[in-house]
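Here is a short tour of some side-chain contacts, rings and charges. Have the structure open and follow along.

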Amino acid sequence: QVQVVESGGGSVQAGGSLRLSCTVTGFFGTDACMGWFRQYQGEGREGVGTIYSGGTPPYYASFVKGRFSITFDNAKNTLFLQMNDLKPEDSANYYCAAERGFCRSSGGNWIDWRNFSNWGQGTQVTVSS
């Protein structure tokens, strides 16, 4: 059974940085799409970015604007989300997701939560001004 576990969340002041990790077990190799999503309280999940484990460049949501970076360590089967210059509006519960195969587009959207079936429990990020 595939297990997805996020970690690295916490509280930080505006302008600070956090590095989130996502470890996947029971799901290995270089043929998987990995994604980061975030959810505000009482809202739906918003895509942050996706990356193919085979090494293709990530897809990023427009709001990232160069502040975030997604990488995948094939040796450790671990996905990372490096977040810099954090803003209060970045405060949310961040989720990691995984799906076998190439990343897929849904009407031009490469960061669609509906394309993923394996999810972590989330890690909370709180940014104070």
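## Around Asn 93

Not counting residues up to four places away in sequence, Asn 93 touches Phe 37, Arg 38, Gln 39, Gln 121, Gly 122, Thr 123 and Gln 124, where contact means heavy atoms within 4.5 Å. This is a predicted model, in which local features need pLDDT of at least 70 and side-chain atom pairs count only at pLDDT 80 or more, while totals for chains, interfaces and linings use all residues. Residues are numbered from 1 along each chain as its sequence is written, and side-chain values use heavy atoms, with hydrogens and water left out.

You will find Asn 93 in strand S9 (residues 92-100); strands (E, at least two residues) and helices (H or I, at least four) are DSSP runs numbered from the N terminus. Is Asn 93 buried or exposed? It counts as buried, because its relative accessibility is 18%; the cut-offs are under 20% relative accessible area for buried, over 50% for exposed and partly exposed in between, with a 1.4 Å probe and protein chains only. A polar atom of the Asn 93 side chain lies 3.0 Å from the backbone nitrogen of Thr 123, and the side chain also reaches the backbone nitrogen of Gln 124 at 3.5 Å.

Tyr 94 is one of the residues with the most contacts inside the largest nonpolar core, which has 35 residues. Such a core is a set of buried Ala, Val, Leu, Ile, Met, Phe, Trp, Tyr and Cys residues joined through side-chain atoms within 4.5 Å. Elements giving two or more residues to this core include strand S3 (18-25), strand S5 (45-52) and S9.

## Rings

How many aromatic pairs does a search of the whole structure find? There are five, counting rings of Phe, Tyr and Trp (its six-membered ring) with centres within 6.5 Å; planes under 30 degrees apart are stacked, over 60 edge-to-face and the rest tilted. Phe 37 and Trp 119 form a tilted pair, 5.1 Å centre to centre with 50° between the planes. Phe 37 lies in strand S4 (residues 32-39) and Trp 119 in strand S10 (residues 118-119), so the pair ties together parts 82 residues apart in sequence.

Ring pairs also join Phe 37, Phe 116 and Trp 119 in a cluster. The charged end of Arg 45 sits over the ring of Trp 119, 4.5 Å from its centre; this calls for NZ of Lys or CZ of Arg within 6 Å of the ring centre and within 35 degrees of the ring normal.

Side chains of opposite charge can pair when their charged atoms come close. The count is five salt bridges, each a side-chain nitrogen of Lys or Arg within 4 Å of a carboxyl oxygen of Asp or Glu. Arg 38 meets Glu 46 in one of them (3.0 Å, N to O). Arg 38 is buried at 3% relative accessibility, whereas Glu 46 is partly exposed at 28%.

Arg 38 also bridges to Asp 90, with the closest N and O atoms 2.9 Å apart. This pair links distant parts of the chain, since Asp 90 is in the loop between S8 and S9, 52 residues from Arg 38. Arg 38, Glu 46, Arg 67 and Asp 90 are linked in a salt-bridge network.

Terms used. Polar contact = N/O pair within 3.5 Å; in protein donor to acceptor, adjacent residues only side chain to side chain.
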